Amino acid sequence: MKKRISLIIGLVMLCTVLTACTQKETQKYQVVSAPNQGTSQTVQSQPQTQTQQEQSAPVQQSASAPATEPDYDAGEYDPTSEEGILDELLELDGSGTLTTEPTPVPTMNSAYAGATPVILDPIDKPTPTPAPPITFASYTTYDATNVGVSFQAPEGWTEEVGNGSYTIVNPDERMDYAGRLTVSMAAVTTDYTRAELAKEVKDILSDLRKQYNNFSPTNTAERTLMDKNGVYADFTAELKDSGTKIGGRVHAVCVSKRLYVMTMTWPRDYTETYKDTVYKNFRHSVQLTK
């Protein structure tokens with residue numbers, strides 16, 4: 001009898017131990033911390049079963065940041081991000097048509113507001129009408145006896161004789177400016193050096209500057225004339241009364257203590273024609289006659 005009682009007591013104790021272990025495995029503890037104005041609170045723990053914890057678990061929701069309008073002036077906005085949006089909306093609507101509000105104009109950077117449009121060159125500028133070509137068909141010899149030289153130039157030009165100078169003028173009335181060629185001579189005490197010839201040419205250019213507007217000379221350079229080393233320079237200018245644009249050349253040389261200076265002017269649109277024909281023929285044909 002005592003053995004049965006001891007066995008029953010042992011079974012009861014064993015069941016009690018197993019039940020306690022089972023309850024320990026199913027208990028969960030959740031730590032809840034609630035701050036109160038910066039002071040610490042005592043941590044309380046409450047037992048929960050696994051099923052209760054899953055049911056009471058809070059659902060996390062992500063709060064999206066409020067949309068802001070892109071900064072169009074900062075250069076960070078990508079316009080390609082808008083591609084395909086209209087097609088997607090049409091598919092969702094199903095009607096094949098979509099009415100949208102007009103897109104607002106992006107804010108313009110104040111640095112460029114009210115800027116004056118710039119004419120693009122040469123797209124927006126009118127193409128200038130090219131000057132009609134001119135030719136000097138025949139040449140003749142002009143005898144400038146008062147300065148002691150002769151030379152060839154286009155036939156039919158008008159002669160003007162001055163004190164120590166000789167000039168011929170193109171009489172073609174189609175030109176807005178009549179081409180002119182003048183040869184002058186002055187006696188000097190010595191044969192000029194290159195530096196002295198360059199100074200003479202620069203002095204002549206300074207005098208010409210007073211006669212024209214927007215006068216712009218080139219640097220001096222060496223070139224032979226009358227088989228002697230000479231100095232020349234070119235220039236561009238505008239007539240004071242009409243604003244007509246012209247071009248010109250001054251060429252000086254010293255021969256036997258005589259300073260010879262050729263000055264030629266022409267309509268600027270025909271610069272190459274005068275240089276390649278009139279000046280070239282003069283330079284290769286001019287010679288002393290006394």
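**Rings, strands and cores**

Trainee: How many aromatic pairs does the structure hold?

Mentor: Rings of Phe, Tyr and Trp (its six-membered ring) pair if their centres lie within 6.5 Å, and planes under 30 degrees apart count as stacked, over 60 as edge-to-face and the rest as tilted. This is a predicted model, in which local features need pLDDT of at least 70 and side-chain atom pairs count only at pLDDT 80 or more, while totals for chains, interfaces and linings use all residues. Residues are numbered from 1 along each chain as its sequence is written, and side-chain values use heavy atoms, with hydrogens and water left out. The number of aromatic pairs is 8.

Trainee: Which kind of pair do phenylalanine 136 and tryptophan 157 form, and how far apart in sequence are the parts that the pair ties together?

Mentor: The two rings are 6.0 Å apart centre to centre with 70° between the planes, so the pair is edge-to-face. Helices (H or I, at least four residues) and strands (E, at least two) are DSSP runs, numbered from the N terminus. Phenylalanine 136 lies in the loop between α3 (85–93) and β3, and tryptophan 157 in the loop between β4 and β5, so the parts tied together are apart in sequence by 21 residues.

Trainee: Are phenylalanine 136 and tryptophan 157 buried or exposed, and which residues does the ring cluster link?

Mentor: Buried means under 20% relative accessible area, exposed over 50% and partly exposed in between (1.4 Å probe, protein chains only). Both phenylalanine 136 and tryptophan 157 are buried. Ring pairs join them into a cluster whose members are Phe136, Trp157, Trp266 and Tyr274.

Trainee: What kind of pair do tyrosine 142 and phenylalanine 151 form?

Mentor: Tyrosine 142 and phenylalanine 151 are both buried. Their ring centres are 6.1 Å apart, and with 25° between the planes the pair is stacked.

Trainee: What is the strand order of the open sheet of 3 strands?

Mentor: Two strands pair if DSSP finds at least two bridges between them. The edge strands, β3 and β13 (287–288), each pair on one side only. The pairing is antiparallel, and the order is β3-β4-β13.

Trainee: Which residue of β7 is the bridge partner of threonine 167?

Mentor: In the hairpin of β5 and β6, glycine 164 takes a positive phi near 80°. Strand β6 is also joined to β7 by 5 antiparallel bridges, where the partner of threonine 167 is threonine 182.

Trainee: How many residues has the largest nonpolar core?

Mentor: A nonpolar core is a set of buried Ala, Val, Leu, Ile, Met, Phe, Trp, Tyr and Cys residues joined through side-chain atoms within 4.5 Å. Among those with the most contacts inside the largest one are Val149, Ile168 and Leu181, and leucine 181 touches, among others, Phe151, Ile168 and Phe282 (contact means heavy atoms within 4.5 Å). The number of residues in this largest core is 28.

Trainee: What is the mean pLDDT of the chain?

Mentor: pLDDT is the predictor's confidence in each residue, from 0 to 100. In this chain 59% of the residues reach 70 or more, and the mean pLDDT is 78.

Note on methods. Lists of a residue's contacts leave out its neighbours within four places in sequence.
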